[in-house]
Structures are given as structure tokens and as C-alpha cells.
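Biologist: I would like to learn how to read a model of this kind feature by feature, beginning with the fold and ending with single residues. Could we take the general idea each time and then the case at hand?

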Amino acid sequence: MSDFPFSVGPKIERQPVHPSINEAQISELVDRFYTKVRAHERLGLLFAQGMEKDWPEHLTRMKAFWRSVLLKTGEYKGKPVPVHMKLAEIKTEDFHEWLTLFEETANELMEADAVPIVLETAERIATSLWLARNNDIFAKTPVWAELRQAATNG
Ligand code: HEM
């Protein structure tokens, strides 16, 4: 058995994070999500100020990014952290708004079972971008789901 007692070299799992997720869905998710982002008063402005590429190129890149993350295609080779470090003023609230729109769009398109998995992935990446920008090493990392819950309740 090649797996006994252990396999040699990395075993690359190219399984989607949820079996219902496919390429067409990701494409639609990205298109719809960024249509909302552009129409959002504050996020739209942050993107307009921070974009170096044009929108078609950004959407193509984001589709490759999400295929890499959700379908494990390994095709995205960029570095999101330095890109977001350069953006003048993203605040915790902006990440929260971003995630709210993302959740809304995922709910429109994805199977109910897949949504929490996709959201947790987005939240994890948002946290790493947030941490990279945060100078206070003792600051408490936002719990995005709690922020969204609080916004819904009040
Ligand atoms: C307040 C929240 C955010 C803002 C304002 C923002 C804004 C931007 C801007 C302006 C760019 C550069 C686009 C260009 O130059 O054409 C970008 C790129 C990108 N963003 Fe965000 N972003 C946010 C949150 C996120 C989150 C939460 C994720 C992931 C879950 C993410 C993933 C990416 C990726 C993968 C890129 C492409 C980087 C590359 O060039 O390879 N962003 N974002």
C-alpha cells in the first residue's frame, strides 16, 4: 500500500470545500457580489480609490482566487495582504460590510449547507487581512458572525 505507513510527499486534496460548489456558481457569486460592492456607498468608494486594475481584470482574478479557495484548484498565485495594506483607510466596519454583502450573495446562490463553509472561509481571510493592518498586537480579533448578528438584531 502506498499510504503505509505514510505516503511520501504532500498529498494534494483537490476536493471542493462542499460538493455542491462549482465553477459557474463561483463566477456568478463574484459577478453579483462586486455589483453590490460597487453600488455600496462606502465600499464602492474604497474600491474606486484603491483599484489599480480595471473591473473586468479584477473580476477574472477574483474568480480564480475563489476557485482556488473553494475548489482547491491552486491557480491563484497573488498576494492579497500587501494589496490591502496599501488601501488608505479600511476599517473593521468596512470588513463587516464586505462580509455582510458576501453572505447575502452566497445565500442567493449556494446550497444552504455550503453557505456556512463558504462564509467561514471568507471570514478567515478577512481576519488575516484585518490582522495584517492592525498595529495593536493586543487588540481582540473581530468575531465577524457576531457583528453581523448584532447588526441584524439592532
Ligand atoms: C473592506 C474590505 C475590502 C476592500 C475595501 C477591498 C479592496 C480591494 C481592492 C481595492 C483591491 C485591488 C483591486 C485592483 O487593484 O484591481 C482588492 C484586491 C483583492 N481583494 Fe480585497 N478588499 C476587501 C476585502 C477583501 C476580503 C475580505 C477578501 C477575501 C476574502 C479580499 C480578497 C481580495 C483579493 C484576492 C484581491 C486580489 C489581490 C491580487 O491582486 O492578487 N478582499 N481588494
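Modeller: Let us begin with the secondary structure, where helices (H or I, at least four residues) and strands (E, at least two) are DSSP runs, numbered from the N terminus. In this case the protein chain has 7 helices and 0 strands, and the order from the N terminus on is α-α-α-α-α-α-α. This is a predicted model, in which local features need pLDDT of at least 70 and side-chain atom pairs count only at pLDDT 80 or more, while totals for chains, interfaces and linings use all residues. Residues are numbered from 1 along each chain as its sequence is written.

Biologist: What box do the C-alpha atoms of the protein chain fill, and what percentage of its residues is buried?

Modeller: Taken along the principal axes, the box is roughly 55 × 40 × 35 Å. For burial, the count is of other C-beta atoms, placed from the backbone, within 10 Å of a residue's own: 20 or more is buried, 12 or fewer is exposed, and in between is partly exposed. By that rule, buried residues make up 14% of the 154 residues in the protein chain. As for contacts, two residues are in contact if their C-beta atoms, placed from the backbone, lie within 7 Å; among those contacts in the protein chain that are between residues at least 6 apart in sequence, 73% join residues at least 24 apart.

Biologist: How should I read the packing of two helices, and at what angle do helix 1 and helix 3 pack?

Modeller: Axes are lines fitted to C-alpha atoms, for helices over the stretch in contact, and angles run from 0 to 180 degrees between N-to-C directions. Angles under 35 degrees count as roughly parallel, over 145 as roughly antiparallel, 65 to 115 as roughly perpendicular and the rest as oblique. Helix 1 (residues 23-39) and helix 3 pack at about 130°, with their axes 9 Å apart, and they are therefore oblique to each other. The crossing of helix 1 past helix 3 is right-handed, where a crossing is left-handed if the near helix is turned anticlockwise from the far one by less than a right angle, and right-handed if clockwise. On the helix 1 side the contact includes Glu23, Ile26 and Tyr34, and on the helix 3 side it includes Leu59, Trp66 and Leu70.

Biologist: Which residues of helix 1 meet helix 2, and at what angle do the axes of helix 1 and helix 2 cross?

Modeller: Val37, Arg38 and Ala39 in helix 1 meet Leu43, Gly44 and Phe47 in helix 2. The two axes come within 5 Å and cross at roughly 95°, so helix 1 and helix 2 are roughly perpendicular to each other. By class, where Ala, Val, Leu, Ile, Met, Phe, Trp, Tyr, Cys and Pro count as nonpolar, Asp, Glu, Lys and Arg as charged, and the others, Gly among them, as polar, the contact of helix 1 with helix 2 has 4 nonpolar, 1 polar and 1 charged residues. Helix 1 and helix 5, in turn, pack at an angle of about 140°, with their axes 9 Å apart, which makes helix 1 oblique to helix 5.

Biologist: Which residues come nearest to the ligand?

Modeller: A residue is near a molecule or strand if its C-beta atom, placed from the backbone, lies within 6 Å of it. Of the 23 residues around the ligand, Gly50, Lys53, Gly78, Asp94 and Ile125 come nearest. The elements that give two or more residues to this shell are helix 2 (41-50), helix 3 (55-70), helix 4 (80-85), helix 5 (92-109) and helix 6 (114-133). The shell divides into 15 nonpolar, 4 polar and 4 charged residues.

Biologist: Where is Leu129 found, and what does Leu129 touch?

Modeller: Leu129 is found in helix 6 and, not counting residues up to four places away in sequence, touches Pro80, Val81 and His84. The C-alpha atoms of Leu129 and His84, 45 residues apart along the chain, are separated by 6.9 Å. Because 18 other C-beta atoms lie within 10 Å, Leu129 is partly exposed.

Biologist: Where does Lys72 lie, and what is its phi?

Modeller: Most residues other than glycine have a negative phi. Lys72, in the loop between helix 3 and helix 4, has a positive phi near 60°. Lys72 counts as partly exposed, because it has 14 C-beta neighbours inside 10 Å. Lys77 is found in the loop between helix 3 and helix 4, and Lys77 is exposed, because 8 other C-beta atoms lie within 10 Å.
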